[in-house]
Amino acid sequence: MEIKKHKILKIMVMIVSVIVIIAGGITVKTYVNEKRTQQTYIVTGLPEKQTGVLKELQIVATEHAYITQGYEYLKTGDFNKAREQFEIVLKRNQPTGALPEARRGIVDVYEKIHDYVTAAKSFEKIIATFKIPKGDMWRLPDDERLSYLLYAANGDYDLAIEHAQKALEADSQLPNAPKGGSPDYIQRLNDLKAAKDYILSLKKQ
């Protein structure tokens, strides 16, 4: 019975789709998703003057443009401008996938400028929203990241580096992860090592 209903529903959806395409045409939209890669959507039955889905896609495109620009500034070392871009997304508070990306972007900024206290507090709020249990492979890299941020915030760089290494290893175990872990986690580990060396050099002076 359920299978029969499912087939009928599929046929109805196909019929409606054909009618919508004939009536409204096809619109192609491209935006930058939360992984900072372009993604194209085909929207049927939506003339340019019509709001609704087109308006939502425009909002998504705008939000992710801020995210992309924020990470560009982060890459070039312009941390204040990077934070401004992420904060724009947070203030606009649009219900898109850009919001979690903006929150993570803020953490990345504070970690880059070695403000580990603020980075740890901000990242703690992010982890508190997770639905998957602690220790799950999908959140293990983030759990380890929080650990090393907390150790770095307390000035314990040896343990911070140890957990940054664990975060990198956990990330590399995820399906479809780059060999050796993502460049982000590699860079964070290297930044912590550099921060430790810098602190030690100050102590020797």
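1. His114 lies in the loop between H4 and H5. Elements here are DSSP runs numbered from the N terminus, with helices (H or I) of at least four residues and strands (E) of at least two. Phi of His114 is near 65°, a positive value in a residue other than glycine. With 42% relative accessibility, His114 counts as partly exposed. The classes are buried (under 20% relative accessible area), exposed (over 50%) and partly exposed (in between), with a 1.4 Å probe and protein chains only. Asn93 also has a positive phi, of about 55°, although it is not a glycine. Its place is in the loop between H3 and H4.

2. This is a predicted model, in which local features need pLDDT of at least 70 and side-chain atom pairs count only at pLDDT 80 or more, while totals for chains, interfaces and linings use all residues. Residues are numbered from 1 along each chain as its sequence is written, and side-chain values use heavy atoms, leaving out hydrogens and water.

3. Confidence comes next. pLDDT is the predictor's confidence in each residue, from 0 to 100. The protein chain has a mean pLDDT of 80, and 74% of its residues reach 70 or more. Helix H6 has the highest confidence, at 97, and strand S1 (residues 26-32) the lowest, at a mean of 39. Over residues 1-50 the pLDDT is below 50; this stretch still has 61 contacts in the model beyond near neighbours in sequence. A contact means heavy atoms within 4.5 Å.

4. The overall make-up is eight helices and two strands. From the N terminus on, the order is α-β-β-α-α-α-α-α-α-α. Of the 205 residues in the protein chain, 32% are buried. Among contacts between residues at least 6 apart in sequence, 46% join residues at least 24 apart.

5. Which residues have the most contacts inside the largest nonpolar core? They are Ile67, Phe86, Tyr116, Phe123, Tyr148, Leu149 and Leu192, in a core of 33 residues. Such a core is a set of buried Ala, Val, Leu, Ile, Met, Phe, Trp, Tyr and Cys residues joined through side-chain atoms within 4.5 Å. Elements giving two or more residues to this core include helix H2 (53-76), helix H5 (116-127) and helix H8 (183-204). H4 gives the most, with seven residues.

6. Phe123 and Asp142 touch. Leaving aside neighbours within four places in sequence, Phe123 is in contact with Arg104, Val107, Asp142, Arg145, Leu146 and Leu149. Asp142 sits in helix H6. At 8% relative accessibility, Asp142 counts as buried.

7. Now the charges. Side chains of opposite charge can pair when their charged atoms come close. The structure holds eleven salt bridges. Each is a side-chain nitrogen of Lys or Arg within 4 Å of a carboxyl oxygen of Asp or Glu. One of them joins Glu63 and Arg92, at 2.5 Å from N to O. Glu63 lies in helix H2 and Arg92 in helix H3, so the pair ties together parts 29 residues apart in sequence. Glu63 is buried, with a relative accessible area of 0%, whereas Arg92 is partly exposed at 35%.

8. Arg188 forms a salt bridge with Asp108, the closest N and O atoms being 3.2 Å apart. Arg188 is in helix H8 and Asp108 in helix H4, so this pair ties together parts 80 residues apart in sequence. Arg188 is buried, at 12% relative accessible area. Asp108 counts as buried too, at 10%.

9. Asp143 forms a salt bridge with Arg139, the closest N and O atoms being 2.9 Å apart. Asp143 is buried, with a relative accessible area of 10%. Arg139 is buried as well, at 8%. Elsewhere, salt bridges that share partners join Asp108, Glu111, Arg145 and Arg188 into one network.

10. Last, the surface. The protein chain exposes about 13,100 Å², and carbon and sulfur atoms supply 57% of it. Areas come from the Shrake-Rupley method with a 1.4 Å probe; for residues, only the protein chains shown count as cover. Ile132, Met137 and Trp138 make a nonpolar surface patch of about 300 Å². Patches are made of residues with over 30% relative accessible area and no salt bridge, with like charges joined within 9 Å and nonpolar side chains (Val, Leu, Ile, Met, Phe, Trp, Tyr) within 5 Å. Met137 lies in the loop between H5 and H6. At 40% relative accessibility, Met137 counts as partly exposed.
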